[in-house]
Amino acid sequence: MAQLRADRKNYKKAFTTHAHSFDNWNIGSINSRRLILCYRVECGLKCLIMKNDKIYKVSQANTDTEKVLKTHDFRVLLKKVGQAGRYTFRQFPTEYNETVRPEEYHQICRYAIAPAPQKEDYLEEFEKTLIQIKEWLKEEI
């Protein structure tokens, strides 16, 4: 499956558009709200990477940056913007006893997969970390 083209302006617009949806969410699924947050943060980080590298198109990125721009892994994205140690994500098991890592978090939200019993607080922690990153990104982009 080919990945659609998204450039810096698209990432910035997505960060802003998802911001409005997330900030004004008052009814609906918590999973949907978390998915919007997930993509908001991902788009914000990708926009910041492109801003820092002074590029406007993904096609202008060097090989390493292009690889980073194609990931969903928050740790990889944060590392690229020099924030790897500032934010941490605890892995947690799903209801099927599979491990959720940062690059898979969006799947938990997208498919409404529950965390393992007594691990709901891990999911809430993950969300709080993304909210902290979102707030930091608002200052950076």
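Six aromatic pairs are found in this structure; here, rings of Phe, Tyr and Trp (its six-membered ring) pair if their centres lie within 6.5 Å, and planes under 30 degrees apart count as stacked, over 60 as edge-to-face and the rest as tilted. You are looking at a predicted model, in which local features need pLDDT of at least 70, side-chain atom pairs count only at pLDDT 80 or more, and totals for chains, interfaces and linings use all residues. Residues are numbered from 1 along each chain as its sequence is written, and side-chain values use heavy atoms, with hydrogens and water left out.

Two of the pairs share Phe126, as the table shows.

| Pair | Centre distance | Plane angle | Kind |
|---|---|---|---|
| Phe74 and Phe126 | 6.4 Å | 65 degrees | edge-to-face |
| Phe92 and Phe126 | 6.3 Å | 75 degrees | edge-to-face |

Phe74 belongs to helix 4 (residues 74-80) and Phe126 to helix 6, 52 residues apart. Phe92 lies in strand 1 (residues 92-93), so its pair with Phe126 ties together parts 34 residues apart in sequence. Helices (H or I, at least four residues) and strands (E, at least two) are DSSP runs, numbered from the N terminus.

Phe74 and Phe126 are both buried, a word that means under 20% relative accessible area, with exposed over 50% and partly exposed in between (1.4 Å probe, protein chains only). Phe92 is buried too, at 1% relative accessibility. Ring pairs join Phe74, Phe89, Phe92, Tyr105 and Phe126 into a cluster.

Now for the loop between helix 5 and helix 6, where you can find Gln118. Gln118 is exposed, at 67% relative accessible area, and has a positive phi of about 65 degrees although it is not a glycine.
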